[in-house]
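Here is a short briefing on one structure. Take a look at the model before reading on.

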Amino acid sequence: LYRRPATTFVASFVGYPPMNIVAGRFDGDFRVQGLTVPVSNGHAAGPGHLGIRPEDIRLGGQHPAKLVLVEPLGKEALLTLDVGGVGLKATVPAESVPAPNSQLLVDFPQDRLHLFDAQGQRLAL
């Protein structure tokens, strides 16, 4: 259930913090607002959802992000990021927290992405 949720509904309530689920469009890549994420998706172009767990977002990479909020959680911190106009949550070790309002780069590892169709059903990678 946690590693391969069958639907966006399951993905949104299993685990804390919940999986980031973003509605957008597949067209060889996944696109939403100012964010384009390369995906391995042989499915037809059209609307869908991209999911990634907060612990799977990596600092450093190719996607510019602004750090909006830091919530200390003890050994970790929950970051609220603005990535191309899309709000995402990421977790990092407490000792790795950047300064508030920092401009960062983030990455979304391909093997950690979850793809869902427009109705929220998991797509095979």
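Is Asp111 buried or exposed? The model is a predicted one. In it, Asp111 is exposed, because its relative accessible area is 65% and the cut-off for exposed is over 50%.

**Asp111**
- Asp111 sits in the loop that joins strand E8 (103–107) to strand E9 (114–117).
- Between the C-alpha atoms of Asp111 and Val10 there are 19 Å. Along the chain, the two residues are 101 residues apart.

**His49**
- His49 belongs to strand E4.
- His49 counts as buried because its relative accessibility is 16%, and buried means under 20%.
- A polar atom of the His49 side chain lies 2.9 Å from the backbone oxygen of Asp117.
- Leaving aside residues up to four places away in sequence, His49 touches residues including Thr8, Ile21, Val22, Phe30, His114, Phe116 and Gly120. Asp117 is also among its contacts.

**Largest cavity**
- The whole structure holds one cavity of 30 Å³ or more.
- Seven of the lining residues are nonpolar and two are polar, with no charged residues.
- Strands E1 (20–26), E3 (35–38) and E4 (46–52) each contribute at least two lining residues.
- E4 gives the most, with three residues.

How values were computed
Residues are numbered from 1 along each chain as its sequence is written. This is a predicted model: local features need pLDDT of at least 70, side-chain atom pairs count only at pLDDT 80 or more; totals for chains, interfaces and linings use all residues. Side-chain values use heavy atoms; hydrogens and water are left out. Helices (H or I, at least four residues) and strands (E, at least two) are DSSP runs, numbered from the N terminus. Buried means under 20% relative accessible area, exposed over 50%, partly exposed in between (1.4 Å probe, protein chains only). On a 1 Å grid over the protein atoms alone, a cavity is a set of points where a 1.4 Å probe fits but cannot get out, and a pocket is an open set with protein on both sides within 12 Å along at least five of seven lines; lining residues have an atom within 4 Å of a point. Grid points are joined across faces, edges and corners, and a volume is the space filled by probe spheres set on the points. Ala, Val, Leu, Ile, Met, Phe, Trp, Tyr, Cys and Pro count as nonpolar, Asp, Glu, Lys and Arg as charged, and the others, Gly among them, as polar. A polar contact is a pair of N or O atoms within 3.5 Å; within protein, one must be able to donate a hydrogen and the other to accept it, and residues adjacent in sequence count only if both atoms are side-chain atoms. Contact means heavy atoms within 4.5 Å.
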